[in-house]
Amino acid sequence: MSEATVNEVGPHEGVTGLVDDWGADKQAYHVPWGKAMMWIFLVSDTFIFSCFLVGYLNVRITTTQPWPPQSEIFALSFGGDPIPLILIAIMTFILITSSGTMALAVNMGYRKDKVKAFWLICATAAFGASFVGMQAFEWSKLILEEGVRPWGNPFGAPQFGSVFFMVTGFHGLHVSAGVIYLLWVAFRVKRGHYDKKGYEIIEIAGLYWHFVDLVWVFIFAFFYLL
Amino acid sequence: MASAEGQQHPLGIYYKIWILLFVLSGFSYAVDFFDVQGGMRWALVILFMFLKAGFIVAIFMHVVWERLALVLTILGPPTVLLLLIGFISIEGNYTQEARFAYMGHDRDAVALAPSDLHGEEGDHGGEEEH
């Protein structure tokens, strides 16, 4: 392959492309720098959450006291018998819905449909805010009614409270920060700030938001279901 | 090169994945709702969890359409975590076994549920001993 051919057809794909991208003393990632940086941040954030989850794994395995029954602790009753994990299920569906609206917002951004993108990002932020509201409700029920504390609880292993508040709290912080970030992006989109720059920013904000949803998938499984 | 001009894909794929995520979450919740227990519970919950995570990363985060250099940067480093999880599990079981064997902890302790406690007023007495 001569260089001329490469230039005509663009860079190689697959493993040849990997070697080219890393070995040719040039830009490695063919994406906007903001997107590459967001990915680097998300990979490092993955490690932070993984440290918490592995710490949880360790205390959960090593504790000799029985683990509290999450399904019953997180049950909620609407007048009748308590329904297990219902609030958590609603929170999960809300976060997935917000991920969907975010994916559509990214798409509308690339179609340069500013109005739709703006409203879809606002909807995503609203779902995120309602998620945080439900989490606040869940925490207050857990603390005030069930008497769960970071250092102990009436049901079983005291580590339950500490890892639960630590990990869901850190996730809730991510959601709250994401809501602010999304609103900031939304209003800049509306003002036409990205008309010349291009709309990659919505995809970058979207990556962060999908990551928050992704972390919840793991929290939902390990803290509530297992 | 798709990524230079941004990730533009037909809307249909997003709707399909969206619905799929709802269905998978519904399945996860059904595992708890129908009170599936034991190994089956672990297998199902972890299966649905990885499917959901995979679809979010692949489609919503567009990883499936990225170039291999970026894909490996994203997915490569976290794979070492599997090693950490494996080591912690082995070590954790050893620690727990040592606590049972040498520190006199009760192997048969049973957790309490809110329904056990709300009957007896004012007695939030901590771990029960059988």
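A:Lys112 counts as exposed in this predicted model, because the number of C-beta neighbours inside 10 Å is 11, and a residue with 12 or fewer is classed as exposed. A:Lys112 is placed in the loop that joins helix H5 (86-110) to helix H6 (114-145) of chain A. From A:Lys112 to A:Val132 there are 20 residues along the chain, and their C-alpha atoms are 30 Å apart.

A second residue, in the other chain, may be set beside this one. B:Phe55 belongs to helix H2 (residues 39-60) of chain B. When neighbours within four places in sequence are left aside, the contacts of B:Phe55 are B:Ile17, B:Leu20 and B:Leu21. B:Trp18 is 37 residues from B:Phe55 in sequence, and the C-alpha atoms of the two are 9.2 Å apart in space.

The two pairs of residues described above are set out here.

| Pair | Separation in sequence | C-alpha to C-alpha distance |
|---|---|---|
| A:Lys112 and A:Val132 | 20 residues | 30 Å |
| B:Phe55 and B:Trp18 | 37 residues | 9.2 Å |

Chain A is divided into domain 1 (1-30) and domain 2 (32-225). The C-alpha centres of these two domains of chain A are 38 Å apart. The average pLDDT of chain A is 89, and 96% of the residues score at least 70. Over residues 1-5 of chain A, however, the pLDDT is below 50, and this stretch has 1 contact in the model beyond near neighbours in sequence. Where pLDDT is low, predicted coordinates should not be read in detail.

Helix H8 of chain A covers residues 200-225. At 1.5 Å a residue, its 26 residues should span 38 Å, and the end C-alpha atoms are 36 Å apart, which agrees. H8(A) also has a bend of about 30° at A:Ile219. Of the 26 residues of H8(A), 24 are buried, so the helix is largely enclosed by the rest of the structure.

The last topic is the contact between the chains. Here 59 residues of chain B are in contact with 60 residues of chain A. On the chain B side, at least two residues each come from helix H1 (11-33), H2, helix H3 (68-75), helix H4 (80-102) and helix H5 (114-117). By class, this side of chain B has 38 nonpolar, 16 polar and 5 charged residues.

How values were computed. Residues are numbered from 1 along each chain as its sequence is written. Chains are lettered from A and ligands numbered from 1 in the order in which they are written. This is a predicted model: local features need pLDDT of at least 70, side-chain atom pairs count only at pLDDT 80 or more; totals for chains, interfaces and linings use all residues. Helices (H or I, at least four residues) and strands (E, at least two) are DSSP runs, numbered from the N terminus. Two residues are in contact if their C-beta atoms, placed from the backbone, lie within 7 Å. Domain bounds come from an automatic or database domain assignment. pLDDT is the predictor's confidence in each residue, from 0 to 100. Ala, Val, Leu, Ile, Met, Phe, Trp, Tyr, Cys and Pro count as nonpolar, Asp, Glu, Lys and Arg as charged, and the others, Gly among them, as polar. The expected span of a helix is 1.5 Å times one less than its number of residues. The bend at a residue is the angle between axes fitted to the seven residues ending there and the seven starting there. A residue is buried if 20 or more other C-beta atoms lie within 10 Å of its own, exposed if 12 or fewer, and partly exposed in between; C-beta atoms are placed from the backbone.
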